[in-house]
Amino acid sequence: MARVPCTAMTNRLPPTLLAAAGTVLIWSGIRPHDYFTWLLEIFPALLGAAVLIATYRRFRFTDLAYVLMTLHAVILMVGGHYTYAEVPLFDWIRDAFHQARNNYDKVGHFAQGFIPAIVAREILLRTSPLRPGKWLSFLVVAVCLAFSAVYEFIEWWVALASGTAADAFLGAQGYVWDTQSDMLYCAVGAVLSLVLLYRLHDRMLQALPSRTLQGTGIR
């Protein structure tokens with residue numbers, strides 16, 4: 001496998017991405033649809049940022065992973081500002097294409113598979129005996145679906161605890177198969193991420209210092 005001329009992880013990119021995400025977070029928190037829904041939607045992004053900052057010196061991801069995680073955070077913040085059922089662009093898409101609902105939540109659940117797939121792949125390759133191949137891909141998709149299922153559990157528990165106040169958080173919009181379709185979009189996102197990005201991800205992993213790649217099977 002040929003080396004790429006760019007570095008797999010730089011010192012400047014993560015702070016730049018953090019600043020960009022922070023800017024979007026500030027915008028998101030200015031007069032959102034309601035602050036309860038906003039807090040519920042952005043909490044995973046805040047939690048993820050805290051974990052990344054706390055572990056930055058011990059485990060730095062590739063630039064690809066950091067860019068994707070920032071994109072995921074932005075998707076959550078936009079959904080938190082408007083609620084997933086009322087994002088203006090997807091209202092226009094709904095009306096223009098005669099759809100029954102605002103489908104921004106499906107973008108979020110697609111991202112819930114597409115982006116964590118690369119994060120899970122990198123963690124597994126760098127911290128376990130797994131090698132690139134079918135078993136790795138299977139386990140990555142399984143991890144993404146597991147997280148999706150846990151998120152659906154959380155939505156359910158929040159709905160039980162807060163009643164109608166959680167309607168905007170759920171974003172079901174009356175669709176009886178919303179939970180199942182959310183998980184399907186996650187699975188499709190995870191599979192597409194592995195198909196489209198695995199070569200780029202392998203090149204970026206290869207460019208990491210050799211000590212970080214011991215046992216990964218990346219050459």
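Contact means heavy atoms within 4.5 Å. This is a predicted model, where local features need pLDDT of at least 70, side-chain atom pairs count only at pLDDT 80 or more, and totals for chains, interfaces and linings use all residues. Residues are numbered from 1 along each chain as its sequence is written, and side-chain values use heavy atoms, with hydrogens and water left out.

Q: Which residues of α3 meet α5?
A: Among them are L64, L68, H72 and I75 in α3. Their α5 partners include Y104, G108, I115 and V119. Helices are DSSP runs (H or I, at least four residues), numbered from the N terminus.

Q: Why is α3 called roughly antiparallel to α5?
A: Helix α3 (residues 63–82) and α5 pack at an angle of about 155°, with axes 10 Å apart. Axes are lines fitted to C-alpha atoms over the stretch in contact, and angles run from 0 to 180 degrees between N-to-C directions. Under 35 degrees counts as roughly parallel, over 145 as roughly antiparallel, 65 to 115 as roughly perpendicular and the rest as oblique. So α3 is roughly antiparallel to α5.

Q: What makes α5 oblique to α6?
A: The axes of α5 (residues 104–127) and α6 cross at roughly 130° and come within 8 Å. That angle is therefore oblique. Residues that meet here include G113 and A117 in α5, and V140 and C144 in α6.

Q: Why is α6 called roughly antiparallel to α8?
A: The axes of α6 and α8 (residues 178–206) cross at roughly 150° and come within 9 Å. So α6 counts as roughly antiparallel to α8. S148 in α6 and A187 in α8 are among the residues that meet.

Q: Which hand does each crossing have, left or right?
A: A crossing is left-handed if the near helix is turned anticlockwise from the far one by less than a right angle, and right-handed if clockwise. The α3 and α5 crossing is left-handed. α5 passes α6 in a right-handed crossing, and α6 passes α8 in a right-handed one.

Notes. Helix = DSSP H or I, 4+ residues; strand = E, 2+ residues; numbered from the N terminus.
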